[in-house]
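Please read it alongside the sequence and the structure.

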Amino acid sequence: MEDELILKKINELKNEKEPVQKIRTSNKDRPSWDEYFMGIANMVARRSTCLRRQIGAVLIRNRQILSTGYNGPPRATPHCDEKGGCLRDKLKVPSGQRHELCRAAHAESNCISQAAANGVRTEDSIIYVTTFPCVFCSKIMINAGVKKVIFKEGYGSSEDFKLSKELLDEAGIEIQQLNI
């Protein structure tokens, strides 16, 4: 008797013109790979302890996350708010200048350092960064073997941008701005 009821229900479902439940109507809400990884970089940036701005980076290869990083002080050292505030703010240093006065390491630097600390190869990787990399981070990425930089917005002075872009171009690293 129970088997007959099951067969009857199966036959009813087969004869329906519309499916009982549509699981997905389209892929219009599904992010592209670039949107996906930049979204993760944005989320990583929220971990930043910088009092000025929050930057995030995600290092990937073959659509797999190798490492993440955000701007903040080196491991086991106090954050700026624990040291009485941002020295660059106190000295009225413009954004993107006098990096040597900052306690924090940049997101890209932390991302690549994190990969190194965990024995992860960075050669031929792609880095997603919420802002265009500074000169120091560009040099680190070049030496780490990053092959492509995808960023969301600009950062720093025009001189810093020009030199950073020049170095990345000379090293053959592809640069792409993601407009999302």
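## Met-141 and the nonpolar cores

With neighbours within four places in sequence set aside, Met-141 is in contact with Glu-108, Ile-112, Ile-127, Pro-133, Val-146 and Val-149; the model in which these contacts are found is a predicted one. Apart from the core to which Met-141 belongs lies another core, made up of eleven residues, which include Phe-37, Ile-40, Ala-41 and Ile-150.

The largest nonpolar core has 17 residues, and Met-141 is listed with Ala-57, Leu-59, Ile-127, Val-146 and Val-149 as having the most contacts inside it. At least two residues of this core are supplied by each of strand E1 (56-61), helix H4 (107-117), E3, H5 and E4, and the largest share, four residues, comes from H4.

Strand E3 (residues 126-131) runs parallel to strand E4 (residues 148-153), and five bridges join the two. Between them the chain passes through helix H5 (residues 135-144), and this β-α-β crossover from E3 to E4 is right-handed. Within this pairing, Tyr-128 stands opposite Ile-150 in E4, and Ile-150 is also one of the residues of the eleven-residue core.

E4 is joined in turn to strand E5 (residues 174-177) by four bridges, again in a parallel arrangement. Here Val-149 stands opposite Ile-175 in E5, while Val-149 is also among the residues with the most contacts inside the 17-residue core.

Is Ser-164, a residue of the chain, buried or exposed? Ser-164, which is found in helix H6 (residues 158-170), counts as buried because its relative accessibility is 0%, where the cut-off for buried is under 20%.

The side chain of Ser-164 makes a polar contact with the side chain of Ser-138, at 2.4 Å, and a polar atom of the Ser-164 side chain also lies 3.5 Å from the backbone oxygen of Cys-134. When neighbours within four places in sequence are left aside, the residues in contact with Ser-164 are Phe-132, Pro-133, Cys-134, Val-135 and Ser-138; Pro-133 is also in contact with Met-141.

## The chain as a whole

The chain contains six helices and five strands, which follow one another along the sequence in the pattern α-α-β-β-α-α-β-α-β-α-β. Of its 180 residues, 36% count as buried, and the accessible surface comes to about 11,600 Å², with 50% of that area belonging to carbon and sulfur atoms. Among contacts between residues at least 6 apart in sequence, 64% join residues at least 24 apart.

Key
Residues numbered from 1 in each chain as written. Predicted model: local features only at pLDDT ≥ 70, side-chain atom pairs only at ≥ 80, totals over all residues. Heavy atoms only, no water. Buried < 20%, exposed > 50% of the residue type's maximum accessible area, 1.4 Å probe, protein only. Polar contact = N/O pair within 3.5 Å; in protein donor to acceptor, adjacent residues only side chain to side chain. Contact = heavy atoms within 4.5 Å. Areas by Shrake-Rupley, 256 points an atom, 1.4 Å probe, with all protein chains shown as cover. Pairing = 2+ DSSP bridges. Right-handed = clockwise from strand over helix to strand, strands pointing away. Core = buried A, V, L, I, M, F, W, Y, C linked by side-chain atoms within 4.5 Å.
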